[in-house]
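Open the model in your viewer and keep the selection tool at hand. This tour goes stop by stop.

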Amino acid sequence: MSKVRNLLNPMTGKPFAFDEYYAFDDTIQIFDLDTDIHAQICDVAAQLNIKVYECSIIEDLIAIPAFMAIVNPQEISQEDAALLFELWQEHDSSEFKVIFVEKPCSHWPSPLPSCVKVDPGLFADLQKLRLSILKQKTSANRQERIARQCEERISRILMILKRLQKGPVKTRELAKEFKVSVRTVQRDIRTLERIGEPIGYDEQEKAFFLLTRERLRE
């Protein structure tokens, strides 16, 4: 099997195999499905190069990262249903979706979280199942990219603040260092100003600097 992103397993020191590493953007959870539905999902997942994790206990549904869970709610106890209900309420359907292959028992809280869809008929058409999985994976990947971009910007802004604390900084130098545009650096500095950081600009040096209390009193 192909290796996954060249990531090393810290326990063995060797790269993870395809079926040893699970991530939010490439994994489907399944729980207590009958043989036919299980086979359908595995066939479609193989076509899309997606991994399927068969959860044996409720804790797997909580712990294993995935962009979709396909579940038989009839086999979940009232206590576990309450636990999953609380967890799934925190999810947006654009990043994670749960499909119930049967109508839930009466002990499930109602209404169900927005990320949960009851759709027994989905498994009558393999093409429909494939499109549903592919659509959810695309949506989850989009949300992951947005989150990654936000994380990168937060990290960059914090680095700019750290540089300002050491002395004046020039936008062109920062833009080159972070491999972004000058305009992006300017927006980041404006963000720091909006959250209360006192920043000045030296026209002669063409550099931004962090104002000290002495300068603020002048």
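Predicted model: local features only at pLDDT ≥ 70, side-chain atom pairs only at ≥ 80, totals over all residues.

Residues are numbered from 1 along each chain as its sequence is written, and side-chain values use heavy atoms, with hydrogens and water left out.

**Stop 1: aromatic rings**

How many aromatic pairs does a search of the whole structure find? There are five. Rings of Phe, Tyr and Trp (its six-membered ring) pair if their centres lie within 6.5 Å; planes under 30 degrees apart are stacked, over 60 edge-to-face, and the rest tilted.

Select Phe100 and Trp108. Their pair is edge-to-face, 5.1 Å centre to centre with 65° between the planes. Now select Tyr201 and Phe208. This pair is tilted, at 4.8 Å centre to centre and 55° between the planes.

Check burial next. Buried means under 20% relative accessible area, exposed over 50%, and partly exposed in between (1.4 Å probe, protein chains only). Phe100 counts as buried because its relative accessibility is 0%. Trp108, at 6%, is also buried. Phe208 is buried at 7%, while Tyr201 is partly exposed at 42%.

**Stop 2: a charge over a ring**

Select Lys51 and Tyr22. The charged end of Lys51 sits over the Tyr22 ring, 5.7 Å from its centre. The test is NZ of Lys or CZ of Arg within 6 Å of the ring centre and within 35 degrees of the ring normal.

**Stop 3: a helix pair**

Select α1 (residues 35–47) and α4 (residues 126–166). Helices (H or I, at least four residues) and strands (E, at least two) are DSSP runs, numbered from the N terminus. α1 and α4 pack at about 55°, with axes 10 Å apart. Axes are lines fitted to C-alpha atoms, for helices over the stretch in contact, and angles run from 0 to 180 degrees between N-to-C directions.

Show the side chains. On α1, the contact (heavy atoms within 4.5 Å) uses Gln40, Ile41, Val44 and Gln47. On α4, Leu126, Leu129, Arg130 and Ile133 take part.

**Stop 4: a loop**

Where is Glu205? Look in the loop between β8 (199–202) and β9 (207–210). Glu205 is partly exposed, at 45% relative accessibility.
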